[in-house]
Amino acid sequence: MKRFFSLLCLLLNLLFLASLFFAYSLIRKGFTARSTPPALEKIIATTALSLSIPQSVKEMKNPIPYSQAVLDEARDHFADHCALCHGNNGSGETPVGQNLYPKPTDLRSKEAQKKSDGEIYYIIHNGIRWTGMPAWGEAKEPDEDSWKLVHFIRHLPYLTKEEEEKMKKMNPISPHEIQEEKEEEKFLEEDNSLGNASKEQQEQ
């Protein structure tokens, strides 16, 4: 009993010291989103996430049968909703993704791919607190769109260049890009009108 109490005290002291170190790191580096989470923070966060997912959910298998049609639908959905942060190829190497804290996991990595179907579904459906990952799924169950996305995430390590090109057409256009397109169209219209006027002058 005495040994157990000593071990408990030692564990609590270690946790206290780890908390102090973590707090010091935050104060020293600030709360900027540009930094990379320290290893301790990553371990704590990933462990907490894993513990928060019910075991019954982890053991769930994808109820949506795999087919090319399902994969194509999920690919378009991913390009329209997820690629802004994760990139079309799932790497997370996008202007938005690289400026989040923590940065998105490379969905092609062993770390991501080793998660069960149920875990991936749960994260898509419910999101992750204190990160940039929102809850995409509707409140109702089952959420078929999220299950279809699980199939596509499994496919990401094998994504082809042709598929990436198709996805680019489905990527949302930012307000800035829309404005640039309008300005370009306006410039071309004015240029054409000036060209037509010049032709008329030459004919006269």
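1. Aromatic pairs. This predicted model holds 2 aromatic pairs. Rings of Phe, Tyr and Trp (its six-membered ring) count as a pair if their centres lie within 6.5 Å. Planes under 30 degrees apart make a pair stacked, planes over 60 make it edge-to-face, and the rest are tilted. A pair of aromatic rings is thus described by two things: the distance of the centres and the angle of the planes.

2. The Phe pair. Start with Phe78 and Phe152. Their ring centres are 5.1 Å apart and their planes meet at 50°, so this pair is tilted. Phe78 sits in helix 4 (residues 68-81) and Phe152 in helix 8 (residues 144-155), so the pair ties together parts that are 74 residues apart in sequence. Helices here are DSSP runs (H or I, at least four residues), numbered from the N terminus.

3. Burial of the Phe pair. Are these residues buried or exposed? Phe78 is buried, at 1% relative accessibility. Phe152 is buried too, at 0%. Buried means under 20% relative accessible area, exposed means over 50%, and partly exposed lies in between (1.4 Å probe, protein chains only).

4. The Tyr-Trp pair. Now take Tyr121 and Trp147. Their ring centres are 4.1 Å apart and their planes are at 5°, so this pair is stacked. Tyr121 is buried, with a relative accessible area of 4%. Trp147 is buried as well, at 2%.

5. Helix 7. How many residues of helix 7 are buried? The count is 8 of 10, and the helix is mostly covered. Among the buried ones are Asp117, Glu119, Ile123 and His125. Which parts cover them? They include helix 2 (39-52), helix 3 (55-58), helix 6 (110-113) and helix 8. Contact here means heavy atoms within 4.5 Å. After helix 7 comes Gly127, with a positive phi near 75°.

6. Gln55 and Gly118. Gln55 lies in helix 3. Gln55 is partly exposed, with a relative accessible area of 48%. Gly118, in helix 7, is buried.

7. How to read the values. Residues are numbered from 1 along each chain as its sequence is written, and side-chain values use heavy atoms, with hydrogens and water left out. In this predicted model, local features need pLDDT of at least 70 and side-chain atom pairs count only at pLDDT 80 or more, while totals for chains, interfaces and linings use all residues.

Notes. Helices (H or I, at least four residues) and strands (E, at least two) are DSSP runs, numbered from the N terminus.
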